[in-house]
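Subject: Structure for your review

Dear colleague,

Please find the structure below, with its sequence.

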Amino acid sequence: MTLRLMAAITSAFDASMTKSSGRRRCAVYWWTSEIADFRRSCLRAQRLAQRARDQPNEGACQASYASARRLLRAAIKTSKRLC
(Lines give C-alpha, C1' and ligand atoms only; values in the text may rest on other atoms or scores of the structure.)
Protein backbone atom coordinates (compact mmCIF):
# COMPACT_ATOMS: atom_id res chain seq x y z
CA MET A 1 0.00 0.00 0.00
CA THR A 2 2.88 2.37 0.79
CA LEU A 3 4.48 1.72 -2.57
CA ARG A 4 1.24 2.49 -4.41
CA LEU A 5 0.78 5.70 -2.42
CA MET A 6 4.34 6.83 -3.18
CA ALA A 7 3.85 5.97 -6.86
CA ALA A 8 0.62 8.03 -6.94
CA ILE A 9 2.33 10.98 -5.25
CA THR A 10 5.30 10.75 -7.62
CA SER A 11 3.10 10.62 -10.72
CA ALA A 12 1.02 13.57 -9.48
CA PHE A 13 4.17 15.56 -8.82
CA ASP A 14 5.60 14.72 -12.25
CA ALA A 15 2.35 15.73 -13.93
CA SER A 16 2.07 19.06 -12.12
CA MET A 17 5.67 20.27 -12.19
CA THR A 18 7.51 21.22 -15.34
CA LYS A 19 10.81 19.59 -16.10
CA SER A 20 13.42 22.18 -16.88
CA SER A 21 17.14 21.78 -16.93
CA GLY A 22 17.76 25.45 -16.24
CA ARG A 23 18.30 28.32 -18.59
CA ARG A 24 21.26 27.71 -20.85
CA ARG A 25 22.95 30.79 -22.16
CA CYS A 26 24.42 30.71 -25.61
CA ALA A 27 28.05 31.64 -26.04
CA VAL A 28 28.79 35.27 -26.81
CA TYR A 29 30.60 36.05 -30.03
CA TRP A 30 33.56 37.77 -28.40
CA TRP A 31 34.44 35.10 -25.77
CA THR A 32 37.84 33.47 -26.23
CA SER A 33 39.99 31.07 -24.26
CA GLU A 34 42.31 33.97 -23.43
CA ILE A 35 39.40 35.83 -21.83
CA ALA A 36 38.48 32.68 -19.92
CA ASP A 37 42.01 32.55 -18.51
CA PHE A 38 41.86 36.23 -17.55
CA ARG A 39 38.48 35.68 -15.87
CA ARG A 40 39.80 32.68 -13.95
CA SER A 41 42.78 34.65 -12.67
CA CYS A 42 40.58 37.65 -11.86
CA LEU A 43 38.19 35.53 -9.79
CA ARG A 44 41.11 33.94 -7.95
CA ALA A 45 42.59 37.37 -7.19
CA GLN A 46 39.19 38.55 -5.97
CA ARG A 47 38.87 35.59 -3.60
CA LEU A 48 42.38 36.19 -2.26
CA ALA A 49 41.68 39.91 -1.77
CA GLN A 50 38.48 39.14 0.13
CA ARG A 51 40.29 36.67 2.39
CA ALA A 52 43.11 39.17 3.02
CA ARG A 53 40.86 41.79 4.61
CA ASP A 54 42.29 43.01 7.91
CA GLN A 55 45.54 41.19 7.17
CA PRO A 56 49.01 42.70 6.67
CA ASN A 57 49.05 41.85 2.94
CA GLU A 58 45.66 43.41 2.19
CA GLY A 59 47.09 46.21 0.03
CA ALA A 60 49.07 43.86 -2.18
CA CYS A 61 46.10 41.56 -2.70
CA GLN A 62 43.81 44.50 -3.53
CA ALA A 63 46.36 45.79 -6.05
CA SER A 64 46.67 42.34 -7.60
CA TYR A 65 42.89 42.10 -7.94
CA ALA A 66 42.63 45.56 -9.48
CA SER A 67 45.33 44.67 -12.00
CA ALA A 68 43.65 41.38 -12.92
CA ARG A 69 40.28 43.11 -13.32
CA ARG A 70 41.84 45.78 -15.52
CA LEU A 71 43.44 43.13 -17.75
CA LEU A 72 40.14 41.27 -18.06
CA ARG A 73 38.24 44.41 -19.02
CA ALA A 74 40.87 45.37 -21.59
CA ALA A 75 40.83 41.88 -23.13
CA ILE A 76 37.03 41.94 -23.40
CA LYS A 77 37.05 45.41 -24.92
CA THR A 78 39.73 44.43 -27.47
CA SER A 79 37.92 41.23 -28.40
CA LYS A 80 34.62 43.08 -28.92
CA ARG A 81 36.33 45.67 -31.09
CA LEU A 82 38.00 43.02 -33.25
CA CYS A 83 34.80 41.01 -33.67
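I begin with helix α3, whose buried residues (under 20% relative accessible area, with a 1.4 Å probe and protein chains only) are Cys61, Tyr65, Ala68, Leu72, Ala75, Ile76 and Ser79. Please bear in mind that this is a predicted model, in which local features need pLDDT of at least 70 and side-chain atom pairs count only at pLDDT 80 or more, while totals for chains, interfaces and linings use all residues. Residues are numbered from 1 along each chain as its sequence is written, and side-chain values use heavy atoms, with hydrogens and water left out.

Helices here are DSSP runs of H or I with at least four residues, numbered from the N terminus. Helix α3 covers residues 58-82, and its 25 residues should span 36 Å at 1.5 Å a residue, which agrees with the 36 Å between its end C-alpha atoms; the expected span is 1.5 Å times one less than the number of residues. An α-helix has 3.6 residues a turn, so residues three or four places apart point the same way.

The cover over the buried residues of α3 includes α2, residues 33-51. Helix α2 has 19 residues and reaches 27 Å from its first C-alpha to its last, close to the 27 Å expected. Its own buried residues, Ile35, Ala36, Cys42, Ala45 and Ala49, pack against α3.

The axes of the two helices (lines fitted to C-alpha atoms over the stretch in contact, with angles from 0 to 180 degrees between N-to-C directions) come within 8 Å and cross at roughly 160 degrees. That makes α2 roughly antiparallel to α3, a term used for angles over 145 degrees.

Where they meet (heavy atoms within 4.5 Å), α2 contributes residues including Phe38, Cys42 and Leu48, and α3 contributes residues including Tyr65, Leu72 and Ile76. The residues of this contact divide into 13 nonpolar, five polar and two charged, where Ala, Val, Leu, Ile, Met, Phe, Trp, Tyr, Cys and Pro count as nonpolar, Asp, Glu, Lys and Arg as charged, and the others, Gly among them, as polar.

Two single residues complete the notes. Asp54, in the loop between α2 and α3, has a positive phi near 60 degrees although it is not a glycine, and counts as exposed (over 50%) at 75% relative accessibility. Ser67, in helix α3, counts as partly exposed at 33% relative accessibility, that class lying between the buried and exposed cut-offs.

Best regards

Notes. Helices (H or I, at least four residues) and strands (E, at least two) are DSSP runs, numbered from the N terminus. Angles under 35 degrees count as roughly parallel, over 145 as roughly antiparallel, 65 to 115 as roughly perpendicular and the rest as oblique.
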